[in-house]
Every structure is written in C-alpha cells, then in structure tokens.
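Work through the exercises below with the model open. Try each task before reading its solution.

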Amino acid sequence: MARLTRAQQQERTRAAVLAAARREFAEHGYAVTKIDRIAERAEMTRGAVYSNFPTKRALYLAVLADLVERSAGEAGQADGSDGITGAAGQAPRPSPDSVAGSLGAFARVWLERLPLTGDSPADGHLRLRSLSGVLDDEPARTALTQTARLEALLLALALESYPPPGVRRVRLAELVLTLLNGSAGLAETAPGFGDPFDVVRACDHLAGIDLADAWDPPHLPYVSPARPCDDPWTPPAEVSDRITGRPIGLGDDGVIAVLGAGRLAAAEEAVRGALPGDRVTVVVVTGDPAEIGRLVRLRVDDLTACLRRVFAPGAWPTLRLVLDDRALVAAALGLPGVGDATEAAVRVRDGRIVARAEGRGAAHAAAAAGAPDAGAPDAGAPDAGAPDATRHGGGEA
C-alpha cells in the first residue's frame, strides 16, 4: 500500500477523533463526556486528540459542524441534487411562490432536526445542534448573538426577493428564527410538547404580520466618511463563499467588510448602504478560530443548508460570506491583528482599493463611499445585498 502523506494521516486522525467523539457525546452528553474516553475509543493518546482539537468545546462544535455537513449531503442525495444547481441535467427547483409559502417550507426543513421517538436525551441534543451548557462565557455568548443577527439577515435577504421590492424583512426573519429555536429548546427540555406542524403553520402565518420594519440605526448619521485612497489590491486565491459553497474572487467592484465575530450585525450596514451593481462581501474573522470560528461556521452552514433546500439559486442572498479563520483576506487588505471586535471595510474599484474605513460604522462608510451624498444614510437606496425582486421563481445560479 502507498504510504499516507502527512496531510492524509492528519485527516484520518481527525476523522477518527470526530467519530469517537460523536459516539461519546451521543451516549453521555456534553457535560459528562471526557476527553480520555474519546481518546480510548479512538485508540489514540489524549495528546493526539488535543493536537487536533484544543478543548472539549472545540471538539463538540466540530462534531456538530460535521453532523450539519453530513445532513446537508444526505438531503442533496435524497432529492438528486448537489444543493446548488439542482438535480443532474435539470433546472433548479423553483422557490415557493410567496413569502408565506417560503416561511412554511423553511420551517419544515429546519424542524427536521427535532429528536425522533426513542432517541436518548444526549443523542437528541446532537440532532438539535444543542448548545446548552456549552457557551458559558461572555465572548462565546456575544458571538452567538451576533451570528444569530447574521442568520436573520441571510434569511431576510432571501425573503426580500419577493415583491414588493424595497421591503425590509429582517425583523420577520428574526421572529421566525426565534420561534424555531424556541421550539428546539422545548424539544430538548420537554420532549413531546407541542406539534411541529403547528409551528410550520404559525411560521406561514407570520408573513402577514406588520412589524413596522424600518432601517434607521441611530448611529449612522454620525459615522465618519471613508478615507479616499488608491491602494493596490491583490486578493488571496482559493476563497469560498459559504452561502453558495463555491470559490469566488474578490477583485470585483464593490465593498469588502471585515467583521469580527462580535460585530457581525454590521453586515447589514454594508448591504443597505451599497451602490447598485456592487458586490458586497462580508469576511468574518476571530481571535479564536478553534472555538468562536467553529461556532460561526456551524451556525452559518446550518442556516445556509436550509436556505438552499427552500429557495432557488436566483433567490439566494447575493451577499457573499467568507469565513477567514487564518485572516488571509484581512492581511491582504493590510489589517493586522484582527479579532472578534474588528470592524473595517474597503471599497474596491477597477481592481484597486479606493476607500477605507475602520471602527464602528466602517461597513456603512465604505459602502456609501462614492455615492453623491457619501456618508449620509439613505433608507430608500437600492439594496445591493438582496436578490432582485423578479427572481424568486428561480433564476440562474
């Protein structure tokens, strides 16, 4: 047999640790599971486990992320699709024909994670992607809050592909995700309570609620304008968009916002402030890739897997999302020492960086740079981050 390369051996070790950890967490739960038992089950040393996953929390989050990836792959195989272009040789499945229909379909897909009859409590926690008792410190809770805001934005942008154009649906998305996550919490603590089909119908009817959803953050009028510049821009290669799962280039005209895991809510400021035709890219960075980075990856991948199964590619958010665990994009932009509190953004034009901004409001400042009234918020500006209102029936990928 050919000898394994170092990378292949590392991948085999990582897979063995994940498999052993998944069984341990499913049998004993997060709190009781011990790294020593995982190592014994994987027939490895404790040091081999820690060389791949520095903490039990990092390992648990990796197990959940692996489950999400497997679940998305199985769903794609079940409907004969690759999750992006639809079944082989066929046009992508169209989106539901209304906001209400899309919310009901999204809820059905999301609720597939509810535990099955006969599942043990620990196994049910894994199915639910449960984070109970896992995020016990302020940085992790802050990152979860900010990631939830980003999840709501992504769902909202898909919903905003439906007419009428120019309607913000972020609060609607937040309400739906609150209901679904609450249902998951009850399924964990009070198994058997409630009917998932009632939850689906409720999400369907939420589309008719008037939430008076306006876009008017109070700090935007006080954001300093972006600084004009004329800097070269050589983006790193092999960057992938987490929404589509495809490699992308970062040389297009538009806005690149580098946001720490504690500032992800600012993604909407880049979206709403962007000019028509802009490419808006959010690059997520963190000072703790092993735990906070895995948490963001888990939640984003889980949400986007649901979006792909409900909405046709033409209705997916055109916002591009890059998880930059190694800060490669940040370094290329000249942003050293990025972390969870980072907020910086640039405007790219003709392959060069023409404006820069840092600090609170940077995403909005860079997005607004170049507009006739640059720096001033414009609630009625076209939304470059949302899909075109005419594409909800299914467009090109």
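**Exercise 1. Find what share of the chain's residues count as buried.**

Solution. This is a predicted model. The chain has 397 residues. A residue counts as buried under 20% relative accessible area. By that cut-off, the buried share is 50%. Now turn to the surface. The accessible area of the chain is about 18400 Å². Carbon and sulfur atoms hold 53% of that area.

**Exercise 2. Describe the fold by its elements and its contacts.**

Solution. Start with the elements: there are 13 helices and 8 strands. Next, take the contacts between residues at least 6 apart in sequence. Of these, 77% join residues at least 24 apart.

**Exercise 3. Locate the largest cavity and classify its lining.**

Solution. Cavities of 30 Å³ or more number 2. The largest holds about 60 Å³ of space. Its lining includes Arg149, Leu150 and Leu153, along with Val170 and Glu174. Leu264, Ala265, Ala267 and Glu268 also line this cavity. Helices H7 (138-159), H8 (170-189) and H10 (267-273) each supply at least two lining residues. H7 gives the most, with 3. By class, 6 lining residues are nonpolar and 3 are charged, with no polar ones.

Conventions. Residues numbered from 1 in each chain as written. Predicted model: local features only at pLDDT ≥ 70, side-chain atom pairs only at ≥ 80, totals over all residues. Heavy atoms only, no water. Helix = DSSP H or I, 4+ residues; strand = E, 2+ residues; numbered from the N terminus. Buried < 20%, exposed > 50% of the residue type's maximum accessible area, 1.4 Å probe, protein only. Contact = heavy atoms within 4.5 Å. Areas by Shrake-Rupley, 256 points an atom, 1.4 Å probe, with all protein chains shown as cover. 1 Å grid on protein atoms, 1.4 Å probe; cavity = no way out; pocket = protein on both sides within 12 Å on 5 of 7 lines; lining within 4 Å. Points joined across faces, edges and corners; volume = space filled by probe spheres on them. Nonpolar A, V, L, I, M, F, W, Y, C, P; charged D, E, K, R; others polar.
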